[in-house]
Amino acid sequence: MLLTLAWRNIWRNKVRSLVIICSVAVGLWAGAFIVAVYDGMAKDRIRTVIQEEVSHLQIHHPAFKEDFEPKFVAGDVDSLTAKIVAVPGVKSITARSITRGMMANASNSSGVTVIGIEPASENKTTGLQGRIIAGDFFPEGKRNPILVGNKLAEKLNIKSGNKVVLTFTNTHNNLTSGAFKVVGIYQSINSKLDGTNVYVLRQNLNALLTTPGKAHECAILLNNDDLVDSVKLQLQAIFPDLKVETWRQVSPESDLIATYTTQSAIIMVVIIMIALAFGIVNTMLMAVLERTREIGMLMALGLKKGKLLTMIIFETFLLTLVGAPFGLLVAWATVALTQDGIDISAFADKGLSEYGFSAILYPILSWDSVYQIIVIVVCAALFSAIFPAIKAIRLKPVEAIRQ
Amino acid sequence: MEIVIDAHNVSKVYNPETIPVHAVNNVHLHVERGEFTALVGPSGSGKTTLLNLLGGLDRPNEGKIVINGTDITDMKENQLIDFRLNNIGFVFQSFNLIPVLTAKENIEFIMLLQGASKKQRDERVQTLLKEIGLSDKTNTMPSQLSGGQQQRVAVARALASKPQFILADEPTANLDSKSASDLLDIMAKLNKEENMTFIFSTHDSRVIERARRVVTLVDGRITSDTATFQISH
Ligand SMILES: Nc1ncnc2c1ncn2[C@@H]1O[C@H](COP(=O)(O)OP(=O)(O)OP(=O)(O)O)[C@@H](O)[C@H]1O
Ligand SMILES: [Mg+2]
């Protein structure tokens, strides 16, 4: 009965209530869509991290990452690979030799991370071949081939076919260098990596480092994301002396950015709802003041304060919640309509790729976000209900009736 | 006879600190079951204040009020609300009804608060609507009813909770003389047939004529209290 009464009460001032209901709907539509876009960005970023950059898991010698000293190898490529492949859930694995050094051409030089790969397994694990924008992906028969990132290529003015010299120290702490021929230029979503990572063949790098048959890093792709923690445990048991890390540990900033991206979107929804809450409080206060006499009369007749409170809270909730499903529904529809991606490269290409974000947005409205939004809306409704409800129960029936 | 209201030495002072107004001053009043009593007096004489005190809407500064054997003077607020719900019927001068509820729902409302079953409510509402002659207005909204019809629904609602007595503060003040007389007819009928006690305040001499007891207030004091001779119908 109180619910019926509350429902009819909110329609006493149709325009006023509709304005509030529509504001909530529009606010939530915008809020939910922003959350979806940000969520999409975060998920996309994580996909990129896992599928193109870090893979699900990485294995290193525990000391390797401190200084990238070539002597800290993870082990023999063949035995590492054989043991890892045997673990259920592993989709693909690639073993790399890695060192830091200088890359120079006739006129310029730049610090680089040299990654020695085995092209077939590398491509299977990170899809590197797909990011080639000029030249080829390690063609047969070329001596000492090297792949250079677009950003670095521009910086050093390097083109496919040029020669470059790599210089670094080997396991004996001797400076060593080798001439490489640029066979291709690649471009990834993450422009920072494009400026530092160069790819050579693992056996070429191993020869220079004097680490034949060894690898510094194993990158492992799993059949799905949920296996990360369990496979990590298994691998750690197999390789007690090595460091097994998940993508989150290898790239904590990606995880952080992804989390913060989603959280900042949720904060936006909170701000939208706080703004709306003021409008709702105002409307409900007006509704209570206009009905002073009537509320006094209800109390005189025998409506207890608790019930009066409930009635006002119901009214506020209805006012707030009626618009919410519409807003969410329209947001959902908007997300469905933009499934093919929103290309914002025209405005934001450079800035986004600096942080490893793609310039095409794929909004995702997950149930998780919807739940969070609903919780926020309910809190806003509760918050908005407090003042008007207190105002109502403070009324004294005699005074209210005398008005 | 059974005493339903026993007001003992009751006083109400407004603004006791600044300019005190002795709205009700040392009033003794006994009302017995089945009375049909008018409270009269000039404007500002304290009629509304006294009715509010008797109805437990306001608290006296002095004296005590006993309703049907229960002292309500120091009752807790929520207890008092419950007491009003179950013991006292109210009819106000205007804006009596909840505008978003139909005639039937307005009457039913109070029974819902009392926790009556659907069957009980339906039966009682039908009976009451018939008694006030508005069976055809069951599902009409208050705004579609005339002033007189609204007051009749208010009387039915006051009756719905089966109270000890009904307090009506100038129930006819906003009505034309025909509607006023119709309302009085209904009240008198309910008084006679259901032995319902009515206490109503009024300025209207034609309404006063219908009362069987007239209590006159002047400056918050009872100046006369007379049983009047009733011409039977
Ligand atoms: N809330 C209040 N604060 C101060 N004084 C009040 C208040 N309510 C009533 N009064 C005063 O108390 C006195 C009695 O008022 P009351 O309304 O009871 O008279 P009444 O007989 O009902 O008058 P009327 O016939 O005009 O309705 C008046 O002098 C009035 O001004
Ligand atoms: Mg009055």
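Modeller: Let's start with the term itself: a salt bridge here is a side-chain nitrogen of Lys or Arg within 4 Å of a carboxyl oxygen of Asp or Glu. The model is predicted, and local features need pLDDT of at least 70, side-chain atom pairs count only at pLDDT 80 or more, while totals for chains, interfaces and linings use all residues. As for bookkeeping, residues are numbered from 1 along each chain as its sequence is written, chains are lettered from A and ligands numbered from 1 in the order in which they are written, and side-chain values use heavy atoms, with hydrogens and water left out.

Side chains of opposite charge can pair when their charged atoms come close. Over all chains, a search of the whole structure turns up 28 salt bridges.

How covered are the two partners? Asp82(B) has a relative accessible area of 31%, so it counts as partly exposed, and Lys304(A) gets the same label because its value is 29%. On this scale, buried means under 20% relative accessible area, exposed means over 50%, and partly exposed is in between (1.4 Å probe, protein chains only).

Other salt bridges stay inside chain A. Glu69(A) pairs with Lys71(A), their closest N and O atoms being 3.6 Å apart. Glu69(A) is partly exposed at 27%, and Lys71(A) is partly exposed at 48%. Asp255(A) and Arg248(A) also meet through their side chains, at 3.2 Å from N to O; Arg248(A) is partly exposed, with 44% relative accessible area. Over in chain B, salt bridges link Lys104(B), Glu108(B), Lys118(B), Arg121(B) and Asp122(B) into a network.

Now, back to helix α13 of chain A. A nonpolar surface patch of about 370 Å² is made by Val26(A), Trp29(A), Leu329(A) and Val330(A). A patch is built from residues with over 30% relative accessible area and no salt bridge, with like charges joined within 9 Å and nonpolar side chains (Val, Leu, Ile, Met, Phe, Trp, Tyr) within 5 Å. Accessible areas come from the Shrake-Rupley method with a 1.4 Å probe, and for residues only the protein chains shown count as cover. Helices α2 (14-53) and α13 (305-337) of chain A each supply at least two of the patch residues. Val330(A) belongs to α13, and at 41% relative accessibility it counts as partly exposed.

Chains A and B share something else too: residues from both surround ligand 1, so the site is shared between them. There are 15 residues around ligand 1, and the closest are Arg402(A), Ser43(B), Lys47(B), Thr48(B) and Thr49(B). Being near a molecule or strand means having a heavy atom within 4 Å of it. From an oxygen atom of ligand 1 it is 2.8 Å to a side-chain N or O atom of Lys47(B), 2.7 Å to a polar side-chain atom of Thr48(B) and, for Thr49(B), 2.5 Å to an N or O atom in its side chain. Taken alone, ligand 1 exposes 630 Å², and the protein buries 68% of that.

Last stop in chain B: an open sheet of 4 strands in the order β2-β1-β4-β5, paired antiparallel. β2 (21-32) and β5 (70-71) stand at the edges with a single partner strand each, so one side of each has no neighbour in the sheet. Two strands pair if DSSP finds at least two bridges between them. Strand β4 (residues 62-67) of chain B and β5(B) pair over 2 bridges, and there Ile67(B) has Thr70(B) as its bridge partner.

Notes:
A polar contact is a pair of N or O atoms within 3.5 Å; within protein, one must be able to donate a hydrogen and the other to accept it, and residues adjacent in sequence count only if both atoms are side-chain atoms.
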